Amino acid sequence: MKTTVFGKLPDGREVHQYTLENRSGAVAQVIDYGATVTSLKVPDRNGRMDDVVLGYDSLQGYMEGTAYFGAIVGRYGNRIGKGRFSLDGKDYQLTINDGENHLHGGKIGFNKVLWEAKPGGADEASLLLQYTSRDGEEGYPGTVTLKVTYTLTDNNELRIDYDGTTDKATVLNPTQHSYFNLSGSFENTILDHLLMIDADGITPVDKGLIPTGQIADVADSPMDFRRPMAIGAHIDDRNEQLAFGKGYDHNWVLKGSAGKVAELYEADSGRMMTVFTDQPGLQFYSGNFLDGSAIGKNGVSYKHRSGLCLETQAFPDTPNKPQFPQVTLRPGQTYRQTTIYQFSTK
Ligand code: GLA
């Protein structure tokens, strides 16, 4: 595996970039800062390789950026209302970093720390990254060790395996925050991409994007992606949920049988991305906060809705919503997640 120095942190530690290449010529690059996927090159229907994930050219971009491009987010991907929860009768206050709420692990989440990388092993196109988060970090109880393994399979799948443990009861709900644009050019928006999500419900949110606790049927609403639909078809409809999210920024309630949960297709390139996961929820975020101010790879400014995220995880705010599937992790238990982004053409 090719390893290069990507940059240096202010404290002098080096950040490395690892290049994973499979037998079909697809290439994924990952840095140990934030366990971040910095590029992912997959073929279009004519075999042309293009990068399909947004990111920066330099470490500084990732250090200063606020969009979570390509990173593993945690401990808790998505929001916890007012950053508060109680567990086993104890109250915890997490860092508030999104209005009055806690988002994506806090000020210095898993996306803003250096992970320990263990490249290679038996499979050349596989990289294990590990981070140990200390007891009390961003307000969370327990020392948590999270291992994330990225594998680029010969079938053009980016496979992500998670394994987490703790020494005290805590909550753990990490996810991968890549922004996809399958068109081959980040100058294009994702509004023409066709999306299918195999889900009958979403968890509606309040204006701070905290779930109300209900599950709403997607039928007869702009949230109905049960059949492939252009993302732009209804994104600007008059709809309270879309207004709160400034577009799509919601959790779809998956059916719970680990397998295919979503499909994303871009007709000009013929690229198709199929998402498989064992998680209960899928946050579909349509890049509504991108506003052209982030200058990405090759100097391209990432305009409104030029990338989208399909974040596999538990529902937002589960510690305060006992009716949702929980993510409590106790000593002796192991958190596991497997998610696959599979690329093909048609
Ligand atoms: C998630 C959230 C969004 C936003 C992005 C990062 O998808 O749900 O509201 O915070 O991350 O910009």
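I began with β14 and strand β27 (residues 335-345), which run antiparallel and are joined by 8 bridges. For the terms: strands (E, at least two residues) are DSSP runs, numbered from the N terminus. Two strands pair if DSSP finds at least two bridges between them. I noted that E157 stands opposite Q342 in β27.

This is a predicted model, where local features need pLDDT of at least 70, side-chain atom pairs count only at pLDDT 80 or more, and totals for chains, interfaces and linings use all residues. Residues are numbered from 1 along each chain as its sequence is written, and side-chain values use heavy atoms, with hydrogens and water left out.

I then looked up strand β23 (residues 271-277). It pairs with β27 in the antiparallel sense, over 7 bridges. Which residue of β27 is the bridge partner of T274? I found Q342.

**The open sheet**

I traced an open sheet of 5 strands with antiparallel pairing. Its order is β19-β18-β21-β24-β25. The edge strands, β19 (216-217) and β25 (309-313), each pair on one side only. Inside this order I checked β21 (residues 249-254) and β24 (residues 281-285): 5 bridges join them, and they run antiparallel. D249 stands opposite Y285 in β24. As a reminder to myself, strands of a sheet pair through backbone hydrogen bonds, either parallel or antiparallel.

**The ligand**

How many residues surround the ligand? I counted 13, and the closest are R79, H104, H177, D249 and E311. A residue is near a molecule if one of its heavy atoms lies within 4 Å of it. By class, the shell has 7 nonpolar, 3 polar and 3 charged residues. Here Ala, Val, Leu, Ile, Met, Phe, Trp, Tyr, Cys and Pro count as nonpolar, Asp, Glu, Lys and Arg as charged, and the others, Gly among them, as polar.

Next I looked up distances to oxygen atoms of the ligand. A polar side-chain atom of E311 lies 2.6 Å from one. For H104 the value is 2.8 Å. For an N or O atom in the side chain of Q283, I noted 3.3 Å. On its own, the ligand has 310 Å² of accessible area (Shrake-Rupley method, 1.4 Å probe), and the protein covers 95% of it.

I found a cis peptide bond between G74 and R75, with omega about 0 degrees. R75 lies in the loop between β6 (72-73) and β7 (79-80). Where is N156 found? It is in the loop between β13 (144-152) and β14 (157-166). Phi of N156 is near 55 degrees, a positive value in a residue other than glycine. I flagged these spots because most residues other than glycine have a negative phi, and most peptide bonds are trans.

Conventions. Polar contact = N/O pair within 3.5 Å; in protein donor to acceptor, adjacent residues only side chain to side chain. Helix = DSSP H or I, 4+ residues; strand = E, 2+ residues; numbered from the N terminus.
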